[in-house]
Amino acid sequence: MSDLTRLTIADAREALRKGETTSVALTEAFLAEIEGADALNAFVHKTPEIALEQAKAADARIAAGDAPALCGMPLGIKDLFCTRGVASQAASKILDGFRPEYESTVSQNLWDAGAVMLGKLNMDEFAMGSSNETSTYGNAVNPWKVDDRQLTPGGSSGGSASAVAADLCMAATGTDTGGSIRQPAAFTGIVGIKPTYGRCSRWGIVAFASSLDQAGPMTRTVRDAAIMLGAMSGHDPKDSTSVDIPVPDFEAMLTGDIRGKTIGIPKEYRMEGMPAEIEKLWSDGAEMLRDAGAEIVEISLPHTKYALPAYYVIAPAEASSNLARYDGVRYGRRARLGQGDGIVEMYEKTRAEGFGKEVQRRVMIGTYVLSAGFYDAYYNRARKVRALIKRDFDEVFAGGVDAILTPATPSAAFGLGEMADADPVAMYLNDVFTVTVNLAGLPGISVPAGLDAQGLPLGLQLIGQPWGEGELLNTAHVLERAAGFVSKPAKWW
């Protein structure tokens, strides 16, 4: 493994400025690592020619003294982001062969900042999953391993998490609809932040649930997350949900000082049957923040217990609407039709062949809850619960709480295949600590904070106030330093 691939964004930026390395050298080192890591199945579309061309352009910008913070940094892009001329399938058969003629706003922001695209990363199909096992490419694999068990990297941004943890890219983009950045970050020992809804443009990101989806960075450190989020963010007139507010210098806000801040511990997150090691990690995290000068207070978020069922009504309903556009007519896969088949048969066969089992399940649920006679009983009721969940957070923050500390996941990474055929609800429970953040539109970050008894990473989640990513990142920076998590997976791939 090249030492270059171990550099953080902040370290690489300094090395590039000093002339100690070049973007081309960085890119070539990562491309070599990717070629030797097929066992992880993290990269599903490799783009070495594009990467080297972008790296040469980045080196020219650096030489000319025009070097934004991400200039020359080799990144991986989740397959949910449309990238011009490069396969963008959302890990689904139904988008087989789709190469968009446009670039997502977030990825374009990264290229404008001088970043380098190494390729597209694996994920759960249409971002629906918590284990990366619904992908048409086959599952990505967690670089952390216990004995001979292959573990999930989490989902839906599993390929992004695996690639960053295994040093296959300097950082990666992810998306988070119910925990799809934070859960895989926790499972792989990296940092992942979901910003406030509207902070990053959704234009050019294949939609799952439009009122919940949000892009964010997945990185090795909190500082890298701050640097990358600054480049990804910004108002976009092409996205009606993108908010026109200034983007702060998130990195400059990493002062490491949280004295006088108030951190809330929600009593409703103490779930029955919570593993002792998760409980201890949470308690230790609170003590770390107290030692750094913060006040720790117990808070109540009474409607938390309704979050998971509300989420699994709202998200499938929006998915049902968004995925109706995949009909085999304009782009992507079209089923082979029999003699006498008409347009209805084309829709039915194309969707039956193109959508995987989990996507079909959620579309059917969503169609059901939106149907006449059930709209008020399910969808409208879930929307009302969502409003109550948001009100809980608003009241806590209005009461003087600056951030909220919770576990990121209910366990460490589980084995691939262990939950694939179980009751789907068992898989959905992986989102129990994360979905409230999406329902309320808040920023949330997962920070690696320790190891379980098997030596697998565990993460803590911090939830911040709307548009308070700078303060949230600073608190996460303090927690990161106090936890001192420096472990890396032993290379077996």
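Predicted model: local features only at pLDDT ≥ 70, side-chain atom pairs only at ≥ 80, totals over all residues.
**Entry 1**

Residues are numbered from 1 along each chain as its sequence is written, and side-chain values use heavy atoms, with hydrogens and water left out.

Strand 10 (residues 444-451) and strand 11 (residues 457-464) run antiparallel and are joined by 7 bridges. Strands here are DSSP runs of E with at least two residues, helices are runs of H or I with at least four, and both are numbered from the N terminus. Two strands pair if DSSP finds at least two bridges between them.

I then followed Ser446, which stands opposite Gln461 in strand 11. Ser446 also has Gly192 opposite it.

Is strand 10 enclosed or open? I found it largely enclosed by the rest of the structure, because 7 of its 8 residues are buried. Buried means under 20% relative accessible area, exposed over 50%, and partly exposed in between, with a 1.4 Å probe and protein chains only. In the hairpin of strands 10 and 11, 5 residues lie between the strands, and Gly455 has a positive phi near 85 degrees.

I traced an open sheet of 11 strands with mixed pairing, in the order 1-3-2-4-6-5-10-11-9-7-8. Strand 1 (43-46) and strand 8 (295-299) are at the edges with a single partner strand each, so one side of each has no neighbour in the sheet. From one strand to the next, the twist averages 30 degrees.

**Entry 1: helix 4**

I counted 6 buried residues among the 8 of helix 4 (residues 105-112), so it is mostly covered. The buried ones are Thr105, Val106, Ser107, Asn109, Leu110 and Trp111. Their cover includes helix 3 (48-63), strand 2 (74-78) and helix 7 (222-232). After helix 4 comes Gly114, with a positive phi near 90 degrees.

**Entry 2: helix pairs**

I looked at helix 7 and helix 15 (residues 469-483), whose axes come within 9 Å and cross at roughly 160 degrees. Axes are lines fitted to C-alpha atoms, for helices over the stretch in contact, and angles run from 0 to 180 degrees between N-to-C directions. These two helices are therefore roughly antiparallel to each other. Angles under 35 degrees count as roughly parallel, over 145 as roughly antiparallel, 65 to 115 as roughly perpendicular and the rest as oblique.

My other pair was helix 9 and helix 12, packed at about 125 degrees with axes 9 Å apart. They are therefore oblique to each other.

**Entry 3: the core**

Which residues have the most contacts inside the largest nonpolar core? I listed Leu70, Leu110, Phe126, Leu289, Phe393, Leu405 and Leu473, in a core of 148 residues. Such a core is a set of buried Ala, Val, Leu, Ile, Met, Phe, Trp, Tyr and Cys residues joined through side-chain atoms within 4.5 Å. Helix 9 (residues 307-322) gives the largest share of this core, 10 residues.

Last, I checked Phe393: leaving out residues up to four places away in sequence, it touches residues including Tyr269, Leu301, Ile404 and Ile463. Contact means heavy atoms within 4.5 Å.
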